[in-house]
Amino acid sequence: MAGGQDLFDAIVMADDRFHGQGYQEGYEEGSSLGIIEGRQHGTLHGAKIGSEVGCYQGFAFAWRGLLRSHATGKDRTVLFRTTKHHGTAK
């Protein structure tokens with residue numbers, strides 16, 4: 001009877017063992033893929049945000065240059081219209 005009980009225990013425990021091994025393998029693979037996917041997502045969205053910030057920086061530098069050089073009203077009007085148009089073009 002002890003041999004039959006050991007065989008039954010081995011079968012029941014095999015299910016637990018395989019479940020644990022499968023979970024561990026899946027967790028490791030998911031972690032690895034998650035890092036790769038997260039890096040790709042961050043790169044894509046970081047580039048979009050960087051482009052947007054660069055555009056605003058360009059407008060800020062242009063305004064600063066115009067204000068420092070005492071540009072004429074016409075120059076400021078053209079830049080203002082361009083800035084306003086850019087903000088509504090999204």
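Start with the aromatic rings of this predicted model, where a search of the whole structure finds 1 aromatic pair. Select Y23 and Y27 and show their side chains: the ring centres are 6.2 Å apart and the planes meet at 25°, so the pair counts as stacked, the cut-off for that class being under 30 degrees.

Next, select R17 together with F18, and turn the view until you look onto the ring. Here R17 lies over the face of F18, at a distance of 4.9 Å from the ring centre.

From there, move to F8, V12 and M13, which form a nonpolar patch on the surface and together have about 300 Å² of accessible area. M13, one of the members of this patch, has its place in helix α1, which covers residues 2-69.

Finally, zoom out to the whole protein chain, whose secondary structure comes to 2 helices and 0 strands. With the surface shown for the entire chain, the accessible area comes to about 7,700 Å², and 63% of that surface belongs to carbon and sulfur atoms. How much of the protein chain is made up of buried residues? Of the 90 residues in the protein chain, buried residues make up 6%, a class that is defined by a relative accessible area under 20%.

Note on methods:
Residues numbered from 1 in each chain as written. Predicted model: local features only at pLDDT ≥ 70, side-chain atom pairs only at ≥ 80, totals over all residues. Heavy atoms only, no water. Patch = residues over 30% accessible without salt bridge, like charges linked within 9 Å, V, L, I, M, F, W, Y side chains within 5 Å. Areas by Shrake-Rupley, 256 points an atom, 1.4 Å probe, with all protein chains shown as cover. Salt bridge = Lys/Arg side-chain N within 4 Å of Asp/Glu carboxyl O. Helix = DSSP H or I, 4+ residues; strand = E, 2+ residues; numbered from the N terminus. Phe/Tyr/Trp six-rings, centres within 6.5 Å; stacked < 30°, edge-to-face > 60°. Lys NZ or Arg CZ within 6 Å of the ring centre and 35° of its normal. Buried < 20%, exposed > 50% of the residue type's maximum accessible area, 1.4 Å probe, protein only.
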